Amino acid sequence: MEGNGWLFYRSNRRYRDYFPVELVKTAELPANKNYIVASFPHGILGTGTCINMSLDIRNWLELFPQIRPKIATLDQHFRTPFLQDLLRWWGMVSVSKESLTHLLTKSNDPEHKDNQDGFTSNAVAVLVGGAREAMDSHPGQYILTLRNRKGFVKMAIRTGSSIVPSFSFGEVDIFDQVANPPESKLRRFQDFVKKFTGISPLLPKGRGIFNYNYGIVPYRRRIVQVVGSPIDVVKSDNPDADYVDKIHGQVMEALEKMFEQYKEEYIPDSKQEKLIIQ
């Protein structure tokens, strides 16, 4: 789906209010370019990003006018009947190279036929840490899988898209999961399945419908997605490795600064909280 689709499908205020989920703007995003929103942490479901940029986009449209919010997810989801239609209604797109290139090279000219909806920019959120990062999601633990993930940087350079670091405080607190430390039998099984499917079989632990002790319903805990300043890149069809490393380093630095700047405001008892990038 090229535009924002039917707002009816993307205005689920009840889900936002349940936690609640908030969206914080720290810098302007001009609508004369396209963006990759590098979103962290993944958590179990990427709930903060999904609500703000998919299920209830009204806050996004107010803070970032003329920019269409999209979320990139696994390509195999779009090969499943009915699920593919549901995901498109919610503004989700395939994370494949072809799909991202298509969206991120769209014209920003207000007069272009693709912009007749009044929007001139696409912002595609990528949960960079993916299934690997989800396996490390436990309450109070901010562990990012980023150090060796540079594909999103290369995509940004190839398409000339700015990278917007985004951090969702509280994302890791709405679910726990069965203990799965590295080298445990469960983690080895999860790694095995992920290798062949791209999906890690998690065992989440939340609350129940009628109790607060055990179930699969997420806990009602605040999530605050902070959207950082855009990192501009020089467009190149063949990204230089040193330049990729430079931009990648700027993304890591920006995330570290965001965490330290906002953790006391958005994380309860934050003095002991540390950000780990691996």
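Ser 168 has its place in strand β7, where helices (H or I, at least four residues) and strands (E, at least two) are DSSP runs numbered from the N terminus. The structure is a predicted model, in which local features need pLDDT of at least 70 and side-chain atom pairs count only at pLDDT 80 or more, while totals for chains, interfaces and linings use all residues. Residues are numbered from 1 along each chain as its sequence is written, and side-chain values use heavy atoms, with hydrogens and water left out.

- Leaving aside residues up to four places away in sequence, Ser 168 touches Phe 40, Pro 41, Gly 48, Thr 49, Tyr 142, Ile 223, Val 224 and Gln 225, a contact being heavy atoms within 4.5 Å.
- Helix α2 (47–55) is mostly covered, with 9 of its 9 residues buried; among them are Gly 48 and Thr 49, which are also listed as touching Ser 168.

**Helix α7**

- In helix α7 (residues 151–159), the buried residues are Phe 152, Val 153, Met 155, Ala 156, Ile 157 and Thr 159.
- These buried residues pack against β2 (35–40), α5 (97–104), β7 (162–169) and α9 (241–266).

- The largest pocket has a volume of about 1,200 Å³, and of the 44 residues that line it, His 42, Ala 72, Thr 73, Leu 74 and Leu 127 are the closest to its centre.
- On a 1 Å grid over the protein atoms alone, a pocket is an open set of points where a 1.4 Å probe fits, with protein on both sides within 12 Å along at least five of seven lines, and lining residues have an atom within 4 Å of a point.
- Grid points are joined across faces, edges and corners, and a volume is the space filled by probe spheres set on the points.
- At least two residues of the lining of the largest pocket come from each of α2, β3 (67–73), α4 (83–89), α5, α6 (130–135) and α7.
- The lining of the largest pocket has 27 nonpolar, 11 polar and 6 charged residues, where Ala, Val, Leu, Ile, Met, Phe, Trp, Tyr, Cys and Pro count as nonpolar, Asp, Glu, Lys and Arg as charged, and the others, Gly among them, as polar.
- The second largest pocket has a volume of about 160 Å³, and α9 gives the most to its lining, with 6 residues.
- Residues lining the second largest pocket include Thr 26, Pro 165, Gln 250 and Tyr 262, and by class this lining divides into 4 nonpolar, 5 polar and 1 charged.

**Backbone geometry**

- Most residues other than glycine have a negative phi, and most peptide bonds are trans.
- The peptide bond from Phe 19 to Pro 20 is cis, with omega near 0°, and Pro 20 is found in the loop between α1 (13–18) and β1 (21–25).
- Phe 40 and Pro 41 are likewise joined by a cis peptide bond, with omega about -20°, and Pro 41 lies in the loop between β2 and α2.
- Gln 66, in the loop between α3 (58–63) and β3, has a positive phi near 70° and is partly exposed, with a relative accessible area of 40%.
- Glu 183, in the loop between β8 (176–177) and α8 (185–197), has a positive phi near 75° and counts as exposed at 63% relative accessibility.

**The chain as a whole**

- The protein chain has 9 helices and 11 strands.
- Its radius of gyration is 18 Å, close to the 19 Å that the globule rule gives for 278 residues, so the chain is as compact as a globular protein of that length; the radius is taken over C-alpha atoms, and the rule is 2.2 Å times the number of residues to the power 0.38.
- Buried residues make up 50% of the 278 residues in the protein chain.
- Among contacts between residues at least 6 apart in sequence, 76% join residues at least 24 apart.

Terms used: Buried means under 20% relative accessible area, exposed over 50%, partly exposed in between (1.4 Å probe, protein chains only).
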